[in-house]
Amino acid sequence: MERSQLLRQINSMRQSLFDQGLLDEQFVQLEELQDDANPNFVEEVVTLCYCDSSRLILNLEQALKKSPLDFNQLDSYMQQFKGSISSIGARKVKDQCTLFREYCTAGSGEGTFQRLKKEHTALRKKFEAYFQLKRQAGPSQVASRPK
């Protein structure tokens, strides 16, 4: 595929992440930190975030299996998870974190936790495809702000 076609596809894919409400302005700020000295900065930060958040999901799953539930521990894990995922601008996943915390406060959050995991996994797959295209295209200019 021609580089200009790849760049158009990358920009279109990136815009769709915003249009679908998956990302917010924090992702743009992250992109602005990327430069020629560190051309893979955003991908590295997203990868680190997903390593950390995947570990926290495992911790949350284990905590949800305990009886009685330790809501303080669940809340602590969720605060860490939400902070991590917010750092990359994962808006929809962050919104699911908020819902999960609200449902836990009310005493039931299992269904909400499953939606949170689903959103987390779906965004990871979209990021993988996005960064794969970016690697194929090679170094480029910083992307423009979403419309």
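This is a predicted model: local features need pLDDT of at least 70, side-chain atom pairs count only at pLDDT 80 or more; totals for chains, interfaces and linings use all residues.
Reader: Where is Glu119, and which residues does Glu119 contact?

Author: Glu119 sits in helix α6, residues 110–137. Contact means heavy atoms within 4.5 Å. Leaving aside neighbours within four places in sequence, the contacts of Glu119 are Leu22, Lys92, Val93 and Gln96.

Reader: What makes Arg8 exposed?

Author: Arg8 has a relative accessibility of 53%. The limit for exposed is over 50%, so Arg8 passes. Arg8 belongs to helix α1. From Arg8 to Leu30 is 22 residues in sequence and 21 Å in space, C-alpha to C-alpha.

Reader: How do you know which class Thr47 falls into?

Author: Its relative accessibility is 42%. That value lies between 20% and 50%, so Thr47 is partly exposed. Thr47 is part of helix α3, residues 41–65. Thr47 and Phe127 are 80 residues apart along the chain, and their C-alpha atoms are separated by 9.2 Å.

Reader: How is Asp24 classed, buried or exposed?

Author: The relative accessible area of Asp24 is 17%. This is under 20%, therefore Asp24 is buried. Asp24 lies in the loop between α1 (3–19) and α2 (25–32).

Reader: What makes the pair Asp24 and Lys94 a polar contact?

Author: The side chains of Asp24 and Lys94 are joined at 3.4 Å. A polar contact is a pair of N or O atoms within 3.5 Å; within protein, one must be able to donate a hydrogen and the other to accept it, and residues adjacent in sequence count only if both atoms are side-chain atoms. The value of 3.4 Å is within 3.5 Å, so the pair qualifies. The side chain of Asp24 also reaches the backbone nitrogen of Gln26, at 3.0 Å. Not counting residues up to four places away in sequence, Asp24 touches Phe18, Gly89, Arg91 and Lys94.

Reader: Why is the aromatic pair of Phe100 and Phe113 called tilted?

Author: The whole structure holds six aromatic pairs. In the pair of Phe100 and Phe113, the centres are 5.5 Å apart and the planes make 50 degrees. Rings of Phe, Tyr and Trp (its six-membered ring) pair if their centres lie within 6.5 Å; planes under 30 degrees apart count as stacked, over 60 as edge-to-face and the rest as tilted.

Reader: Which residues form an aromatic cluster?

Author: One cluster consists of Phe18, Phe27, Tyr50, Phe127, Tyr130 and Phe131.

Reader: What is the form of the peptide bond from Ser67 to Pro68?

Author: The bond is cis, with omega near -5 degrees. Pro68 is found in the loop between α3 and α4 (71–86).

Reader: What makes Leu69 partly exposed?

Author: Leu69 has a relative accessible area of 30%. This lies between 20% and 50%, so Leu69 is partly exposed. Leu69 is also in the loop between α3 and α4. Residues up to four places away in sequence aside, Leu69 touches Ala63, Leu64 and Leu74. Leu69 and Cys104 are 35 residues apart in sequence and 9.5 Å apart in space, C-alpha to C-alpha.

Reader: How many helices and strands does the protein have?

Author: The protein has six helices and zero strands. Helices (H or I, at least four residues) and strands (E, at least two) are DSSP runs, numbered from the N terminus. Of the 147 residues, 37% count as buried.

Methods. Residues are numbered from 1 along each chain as its sequence is written. Side-chain values use heavy atoms; hydrogens and water are left out. Buried means under 20% relative accessible area, exposed over 50%, partly exposed in between (1.4 Å probe, protein chains only).
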